[in-house]
Amino acid sequence: MHRIGVFVCHCGTNIAATVDVKKVAEVLSYERCVVISKEYQYMCSESGQKLIKEAILDYQLTGIVVCSCSPRMHEATFRKSAASVGLNPYMVEIANIREQCSWIHKNTEVATEKAIILGRAAIAKVLLNTPLTAGESPVVKRALVIGGGIAGIQTALDIAEAGFKVDIVERNSTIGGKMAQIDKTFPTLDCAACILTPKMVDCAQNENIKIYSYSEIDSVSGFVGNFSVRIKKKARYVDETKCTGCGLCTEKCPTKNIPNDFNLKMDTRRAVYIPFAQAVPKVAVIDAEHCNILKNGKCGLCAKICSAGAIDYTQKERYVEEKYGAIVVATGFNPISVDKYGEYAYSQSKDVITSLEFERLTNAAGPTGGTLLRPSDGKHPHTVVFVQCVGSRCTEERGKSYCSKICCMYTAKHAMLIREKYPDTEVYVFYIDVRTPGKNFDEFYRRAVEEYGVHYIKGAVGKVSPRADGTLDVQASDLIMNEQLHISADLVVLAAAIEPDKSARGLATMLTASMDTNDFFTEAHPKLRPVESPTAGVFLSGTCQGPKDIPETVSQASACAAKVIGLLAKDKLKCNPCVAHSDEMLCNGCSNCANVCPYGAVTYIEKEFKMPDRTTALRRVASVNAAVCQGCGACTVACHSGAMDLLGFSNKQIIAEVDAICK
């Protein structure tokens, strides 16, 4: 005999402001098998949980329904409470009357009626629930960090310091990411390389960290605690174990004038190259697209002069299979392409550049040796105009709807650096508004205005036009003075919006991780679980989750590492018992379920069955690996014979919920 308890939460005014909670509790008390129905201000509080525990014991409840917020918030809380007094935790159902009801309705009568319906559906389901027992799976004591920028580096170092093995997979030939291309950092104006390079070296020297540079993730399978990852190591045609990084091959290679990607194609490199002086690992790479011997079999000079014998023209891409307990995504960002903004003349004039290109021009290791020169003629610019929010905070057709967060601050930094090093240069900044929310950020911006004399103008740049004399005519509006301006500029710098790396979308598919409409990875909860993805065992670090500056990125990286350490410290994890299972008597071996399973949990076996005439026959039937299955339910939908079902969410339970809603 079922004995069901219903508990309706006010959630302060989150629910009670729109839903008549007392009426919901009263109406649900008349439902079949409900022996107690109560409402309380905060069910998730200690006193609220105590109320539930006492009711389970006093009324000998066989199942409970909690009408409250999303199960993502407090399902685990209520399950633990039930388990503590002997009720199977999977005999607890949550009716989400906050997110699915009170928060989306303004009419109390409508919201109350819907809350009652959701409660009825949960009662109908719990009547068909059966006690489930969670299994256990071992944890592989190794972490994978995808991306070797400052976020990936900091995460890896923190995990390694805790004593766990970490692998960094970096698509480029060196770790360092975007921070390696930056000259100074705000708000302290310290050298980016001076604070990044020691961490890169620490990664290379840490015995718990292995760097897979010039590599990509090919495939991911498995589940939290036991991921199987296939890593593709691209052919660099240089043996990493032999190369000493002497750079002799990069100096002698006869193939020159190849656009240098690290310097954003503002200078050139050779077919054999090391991206920058502090590269880790400091190993040369041969560009197969431009190398003569790889294209036509002629040359081979680099192999002749390499005393270490590291050059290997026969090298092929190869694959490495590894097991991991946790995966960290740290794929970073890229500035958006500004080619489509024709009004700024980026594709018409070399003297219209992006902020990242400006970083390289002012970097001592950049194409001009750190001297600010106009790209068109190599002369010193006397008037520089910065344009804010290029592609940020606009319509989808024009760019990105979000604020890129870092542009206001790095523009202030650039303006200060120019005025400090070149006092004869006038600097103008056109902005929508200035956003400086970080520690010491507003003081930094005010220094640019008050101490360095940077001209901040609230207004928009309408057009940039190249002139015959080599200067740029910047047409803009000053909203404060209510006038139109024409500034003759030598250099225009565009603060381009940032977006997730292009590899993020494909990686999210491999990891079955969620993304938002802008291709940033979605966190499990924006406030309570900001570094975890909804996919168990997958964690988020840095700007793959949203725009961030360096201090915020490093903070999130360390928080991410703490979560990974907490996972790897466990020897075993409890598995979700709500997994698929196959009724072998109904299974016809069609393979539909195996074809749609994103986790590879369904395989087929040959099993012996007794026939009606007492003979035996082999039949092909589906078999589910409960440790791998994540309970997504895709197989139950694809199964034509109805053999596949999901524990805890069976077809009968779902139909019972629908019937309760429709009655």
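Two strands pair if DSSP finds at least two bridges between them. Helices (H or I, at least four residues) and strands (E, at least two) are DSSP runs, numbered from the N terminus. This tour concerns a predicted model, in which local features need pLDDT of at least 70 and side-chain atom pairs count only at pLDDT 80 or more, while totals for chains, interfaces and linings use all residues. Residues are numbered from 1 along each chain as its sequence is written, and side-chain values use heavy atoms, with hydrogens and water left out.

**First stop: the parallel sheet**

Select strand β1 (residues 4–9) together with β2; the two run parallel and are joined by 6 bridges. Within this pair, Phe7 stands opposite Lys38 in β2.

Contact here means heavy atoms within 4.5 Å; axes are lines fitted to C-alpha atoms, for helices over the stretch in contact, and angles run from 0 to 180 degrees between N-to-C directions.

**Second stop: α2 and α3**

To display the contact, select Gln49, Ile52, Lys53 and Ile56 of α2 with Thr77, Phe78, Ser81, Ala82 and Ser84 of α3. These residues divide into 4 nonpolar, 4 polar and 1 charged (Ala, Val, Leu, Ile, Met, Phe, Trp, Tyr, Cys and Pro count as nonpolar, Asp, Glu, Lys and Arg as charged, and the others, Gly among them, as polar).

Show the side chains of Glu31 and Arg120, which form a salt bridge with the closest N and O atoms 3.1 Å apart. Glu31 lies in the loop between α1 (21–28) and β2 (34–40), and Arg120 in helix α5 (residues 108–126), so the pair ties together parts that are 89 residues apart in sequence. The structure holds 33 salt bridges, each a side-chain nitrogen of Lys or Arg within 4 Å of a carboxyl oxygen of Asp or Glu.

Move to helix α6 (residues 150–161) and helix α15 (residues 550–568), which pack at an angle of about 40 degrees with their axes 8 Å apart. Here too, α6 passes α15 in a right-handed crossing. Among the contacting residues are Ile150 and Gln154 in α6, and Val554 and Leu568 in α15. The residues of this contact divide into 10 nonpolar, 4 polar and 1 charged.

**Last stop: the antiparallel sheet**

Finally, select the open sheet of 3 strands in the order β11-β12-β17, with antiparallel pairing. Since β11 (215–223) and β17 (318–324) stand at the edges, each with a single partner strand, one side of each is left without a neighbour in the sheet. Between β11 and β12 (residues 226–233) there are 8 bridges, and the bridge partner of Glu216 in β12 is Lys232.

Methods: A crossing is left-handed if the near helix is turned anticlockwise from the far one by less than a right angle, and right-handed if clockwise.
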